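Please open the model in your viewer and keep the sequence panel at hand.

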Amino acid sequence: MLLGPSLAVSAILFIIGVIGVLVRRNAIVIFMCVELMLNAVNLSFVALSQVHGISGQVFVFFVMTVAAAEAAVGLAIILAIFRHHRTVDLMNINLLKG
Amino acid sequence: MSLVDLLPLIGPGDGQGPALGPVVAAIVGLPMLGFALNGALSLLRPAAKSWVSVIGPGVLLASFALAVRVFFALKGVWHENPDRVVLVTLWSWLPVGPLQVDFGFMLDQLSIVMLLVVTGVGSLIHLFSVGYMKTDPGYARYFAYLNLFVAFMLVLVLGANFPMMFIGWEGVGLCSYLLIGFWFTEKANADAGKKAFIVNRIGDFGFLVALFLIWRVFGTFDFLQVFAMAPAHLPVGGTLVTAITLFLFLGCAGKSAQIPLYTWLPDAMAGPTPVSALIHAATMVTAGVYLVARTNVLFAMAPTSQAVVAGVGALTALFAATIGLRQYDIKKVLAYSTVSQLGYMFLGVGTGAITAGVFHLVTHAFFKALLFLGSGSVIHAMHHAYHATHRHDDPQDMRNMGGLARYMPVTAGLMIVATLAIAGIPPLAGFFSKDEILAFAFGRGAQQPVFLVFWAMGALAALLTAFYMARLLAMTFFGENRTGEAERGHLHEAPWIMTGPLLVLGVLSLAGGWLNLPEFAHALGPVGMLHHWLEPVIAGGDRMAEAIGTTPALPHGGAEAALIAAAIAIAVLGLALGWNVTRRSALVPARDAPAEQGFWRVLYNKYYVDELYDRLIVRPLVRFSTGTLWKRVDQGLIDGAGVNGTASAARALGWLGSRLQTGQVGAYVIFFVVGVIVILGMVAWR
């Protein structure tokens with residue numbers, strides 16, 4: 001039932017997320033793009049559970065849990081970076097280099 | 001169960017001796033044990049001298065006692081079956097494919113002779129050392145080294161194959177180095193040790209090359225197999241056998257101090273005097289003679305090599321004797337005398353008269369050990385006299401001696417016996433052995449006239465030998481005493497622990513000739529005992545010599561009588577000349593002595609050979625090593641291109657890699673995404 005379109009939407013969402021991570025410099029925006037990629041994957045999980053059984057849907061809960069934890073930690077890190085640098089532009093955060 | 005009862009356990013014909021195994025192992029192992037114990041004592045309890053005095057000579061005496069028992073046991077065996085060789089294989093040492101080398105010992109008539117000489121003379125010298133080294137702080141270390149030396153020397157003479165012999169060969173070289181530099185706090189002594197070691201390396205190179213050649217030709221290192229295979233495997237007089245024997249002789253020239261490698265031996269006198277007696281006169285330096293005697297089959301197959309051996313021997317005998325004429329250090333005279341006498345031995349074995357060479361080896365071990373220990377006794381007395389008055393004159397310089405016979409009659413008497421023996425006055429030991437060598441050299445002259453030249457050189461060297469020995473006696477023991485007014489009263493005879501071994505050696509020097517009496521002296525006792533004894537060992541070489549017609553024809557009748565008369569006349573003339581010249585010359589203590597003049601100066605400075613070697617070899621080598629090898633090759637190539645080059649290359653690569661680490665998260669993500677796409681693409685289009 002609508003497997004093909006669902007997967008297509010998922011792929012498009014994922015690619016938007018990747019491009020967002022690649023081209024944006026604001027840490028918050030990049031973070032949101034990462035969330036977008038996660039949810040694109042969630043969508044494909046749900047879609048494919050029609051074919052492969054319920055375990056795909058169970059996986060989605062795990063992904064959401066991890067994403068929530070990640071959001072907490074990630075936002076805390078971004079907050080710490082902002083306090084330190086007064087900016088969240090990742091172009092300026094390049095201390096760790098060879 | 002006694003040893004003799006155990007002997008029947010030796011299987012007939014197979015030559016395996018399981019019963020003798022532990023005994024032979026003990027003969028070699030006891031000195032090794034002594035080394036371990038004395039070495040431990042020297043490290044942990046340097047003051048425990050009484051223990052060392054028991055262990056050091058004790059292990060040697062025990063070893064000697066076992067050797068005597070083995071000798072008597074085997075004498076019976078060999079009486080019935082002279083060709084039986086007792087092999088004692090302790091374990092397999094190098095089992096590498098076709099290369100099978102056993103850690104094994106071989107007892108035949110030759111190795112028994114060497115075994116008895118090494119342990120017998122060694123025991124006497126160990127006993128002497130107890131007195132001589134009594135006050136030395138390195139007493140335990142000294143006996144540790146001395147024991148180790150004997151252990152290695154026994155490995156050398158008992159080894160059943162070339163590599164075993166090589167272990168002993170290198171081991172005695174090491175001990176020689178350690179003992180020459182025994183008083184290493186003085187740089188000259190340490191340098192002398194180093195010189196001995198380095199010069200011997202040149203000889204060892206020859207020995208090793210010979211070993212490789214032997215392996216290439218025979219595919220085995222076993223003495224018995226090599227000697228059995230040699231006549232069939234090598235053409236007589238061919239290049240290969242000549243090369244093998246000449247390389248072996250290069251090793252001998254190093255170890256036995258022959259021209260051109262003799263220079264280390266006089267310097268080796270820097271060690272304690274008993275060491276000079278044991279290592280640098282009686283045993284180690286005769287290893288080369290033993291090697292030629294052992295490989296007599298190979299040498300018999302190479303007449304050219306024989307001529308080289310005999311020629312180098314004769315030349316060395318003459319050359320070293322002339323230097324001995326004008327030395328003042330009592331030990332230096334004896335050192336050059338040793339070089340000269342070793343030359344005689346090589347003249348003997350080079351002529352093919354193996355028995356004569358070994359005979360002279362044995363008698364020389366007796367009288368030269370006696371001479372060295374006697375000089376040790378003299379030096380001991382002189383040292384104490386100078387020590388008592390805190391005077392810093394050379395206690396070894398004969399110009400500071402004179403008239404010592406009054407203060408040390410036992411030493412003087414025994415030194416006279418040894419002098420007569422080495423000069424060749426009948427019926428002492430040296431007469432018979434030296435005469436035999438010269439007679440054989442003369443006899444071989446019939447086939448190869450060049451041996452007549454060698455004979456003449458040997459005879460002239462005999463004259464010089466008698467001369468310098470008479471000079472030594474006259475300067476040391478007779479005439480006015482030149483030690484000094486205050487010191488004279490402190491001169492004294494050595495304690496009994498030192499004179500005792502001297503007495504035994506004196507008896508041996510007197511009677512050593514009876515080991516191998518020549519035909520004309522048959523009235524004195526059994527003729528040619530040593531020759532008959534060694535016959536099974538040298539039979540291979542003798543057969544070969546007969547086949548190719550190089551057996552020396554001993555002169556008979558009138559010629560023989562003339563030779564003997566000449567030998568005696570030479571000895572008497574040399575002694576008389578040496579005595580008269582020395583007694584008439586004005587002798588003054590070393591500090592007042594005028595500089596040497598004319599040719600005497602050349603002799604006094606040993607023909608400047610050391611200086612020549614220094615200019616021609618040592619200094620160019622040092623220059624090459626410093627300028628090229630050190631500065632260019634080591635610092636430039638190895639340090640520069642090798643070590644630092646590798647480091648620079650690693651750093652350059654690291655720098656390249658570090659350019660990828662920009663610190664920009666975005667850049668990393670791009671790499672990551674590109675990587676994922678590439679991998680997914682590979683999976684999809686595989």
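This is a predicted model: local features need pLDDT of at least 70, side-chain atom pairs count only at pLDDT 80 or more; totals for chains, interfaces and linings use all residues.

**Stop 1: where the chains touch**

Display chains A and B together. The contact joins 10 residues of chain A to 11 residues of chain B. Next, select residues 665-684 of chain B, which form helix α26; with five residues, this helix gives the most to the side of chain B that touches chain A. Colouring that side by class will show six polar residues, four nonpolar residues and one charged residue.

**Stop 2: the nonpolar cores**

Which residues touch the most other members of the largest nonpolar core? Select F149(B), M153(B), L154(B), A369(B), L370(B), A441(B) and A466(B), which hold that position within a core of 222 residues.

Centre the view on A466(B). Beyond its neighbours within four places in sequence, A466(B) is in contact with A423(B) and with I570(B), A571(B), G574(B), L575(B) and G578(B). Now move to chain A and select V21(A), A27(A), I30(A) and F31(A). These residues are among the five of a second, separate core.

**Stop 3: two cis peptide bonds**

Go to the loop of chain B between α9 (239-255) and α10 (264-267), where P260(B) is placed. The bond leading from I259(B) into P260(B) is cis, its omega being near 5°.

For the other example at this stop, select P427(B), in the loop that connects α17 (409-423) with α18 (429-444) of chain B. Here the cis bond runs from P426(B) to P427(B), with omega near 0°.

**Stop 4: positive phi at two tyrosines**

Finally, select the loop between α24 (598-604) and α25 (609-658) of chain B, which holds Y607(B). Y608(B) is likewise placed in the loop between α24 and α25. Phi of Y607(B) is near 60°, a positive value in a residue that is not glycine. Y608(B), also not a glycine, has a positive phi of about 55°.

Why does Y608(B) count as exposed? Y608(B) has 12 C-beta neighbours inside 10 Å, and a residue with 12 or fewer is classed as exposed. Y607(B) has 13 such neighbours and therefore counts as partly exposed.

Note on methods. Residues are numbered from 1 along each chain as its sequence is written. Chains are lettered from A and ligands numbered from 1 in the order in which they are written. Two residues are in contact if their C-beta atoms, placed from the backbone, lie within 7 Å. Helices (H or I, at least four residues) and strands (E, at least two) are DSSP runs, numbered from the N terminus. Ala, Val, Leu, Ile, Met, Phe, Trp, Tyr, Cys and Pro count as nonpolar, Asp, Glu, Lys and Arg as charged, and the others, Gly among them, as polar. A nonpolar core is a set of buried Ala, Val, Leu, Ile, Met, Phe, Trp, Tyr and Cys residues joined through C-beta atoms within 7 Å. A residue is buried if 20 or more other C-beta atoms lie within 10 Å of its own, exposed if 12 or fewer, and partly exposed in between; C-beta atoms are placed from the backbone.
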